[in-house]
Amino acid sequence: MYQLEGPVAPEKRKLKVLGASLVAAFALTGCAPAGFEPADYGNAAEPASNDVVATPGATAGAEPETDPSAEATAEAAPGDANTPEISEELTTTELKATKVARMGTTVQDQNGFVLYRFDKDEDSPAKSNCNDDCAKIWPAALTNDGEPKLTGVDESLVGTVTREDGTKQLTLKGWPLYRYIGDKKPGQWKGQNVSGTWFVIQPNGTKNLTCLPAVSKPVAPPADDTSGDAGGDYSY
């Protein structure tokens, strides 16, 4: 009489071990890349993807978890009389430090959308190098008065920069702030490591490298984006 249990048992043990490993992997709250020192990428303009191995299996996007912090109001110089007035719905009226799953602390606007910084920009002095189609994919955090409501963000780090078109853009520790049109709902961070030059910004102005997906292409500009999928050979 055949006994099937014997030969099958080792395979069952392997499956159990594999299952336990997967559970342990997915139980991690973060996905920090191996072999890097966060301080090395603190406020540098070097694309982190050139030096850091992408987190295996990392994908962008998460729902936010509120991070209660003290509230303050930024003080900024009055806008220049020649600065174009921006409609209220296009302005960023709030900067708030908010935690999201896997990524950790982010800076979000009044609608809960995660904000980013661009390695090809400059922070001292501040300068935005994202214009034209780039700005359609990465809308600038525009302002009329430079005085967003602040929650968990140090007002001394908040400023403005005049863009190529004359509008004012909010900056954080000198870095111009942007949204990503690939983020379809609040709390998502699909712009992380796009083109190896775009990163979620933290309240102190540094890149958030807690979770680093593989380098990806940006979505196409709205006029050409009919599917919502990743775009073509865009370098921004």
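1. Let's start with the cysteines: Cys 130 and Cys 134 are both buried, where buried means under 20% relative accessible area, exposed over 50%, and partly exposed in between (1.4 Å probe, protein chains only). A disulfide joins these two residues, with S to S at 2.0 Å; the term covers a pair of cysteine sulfur atoms within 2.5 Å. One disulfide is found in a search of the whole structure. Its torsion about the S-S bond of Cys 130 and Cys 134 is about -110°, so the disulfide is left-handed.

2. A word on the basis of these values. This is a predicted model, where local features need pLDDT of at least 70, side-chain atom pairs count only at pLDDT 80 or more, and totals for chains, interfaces and linings use all residues. Residues are numbered from 1 along each chain as its sequence is written, and side-chain values use heavy atoms, leaving out hydrogens and water.

3. On to charged pairs: the structure holds two salt bridges, each being a side-chain nitrogen of Lys or Arg within 4 Å of a carboxyl oxygen of Asp or Glu. In one of them, Asp 119 pairs with Lys 207, their closest N and O atoms 3.1 Å apart. Asp 119 sits in the loop between strand E5 (116-118) and strand E6 (122-123), and Lys 207 in the segment after strand E13 (198-200), so the pair ties together parts 88 residues apart in sequence. Both Asp 119 and Lys 207 are buried.

4. Lys 136 also forms a salt bridge, with Asp 133, at 3.4 Å between the closest N and O atoms. Here Lys 136 counts as partly exposed at 43% relative accessibility, and Asp 133 as partly exposed at 28%.

Technical notes. Helix = DSSP H or I, 4+ residues; strand = E, 2+ residues; numbered from the N terminus.
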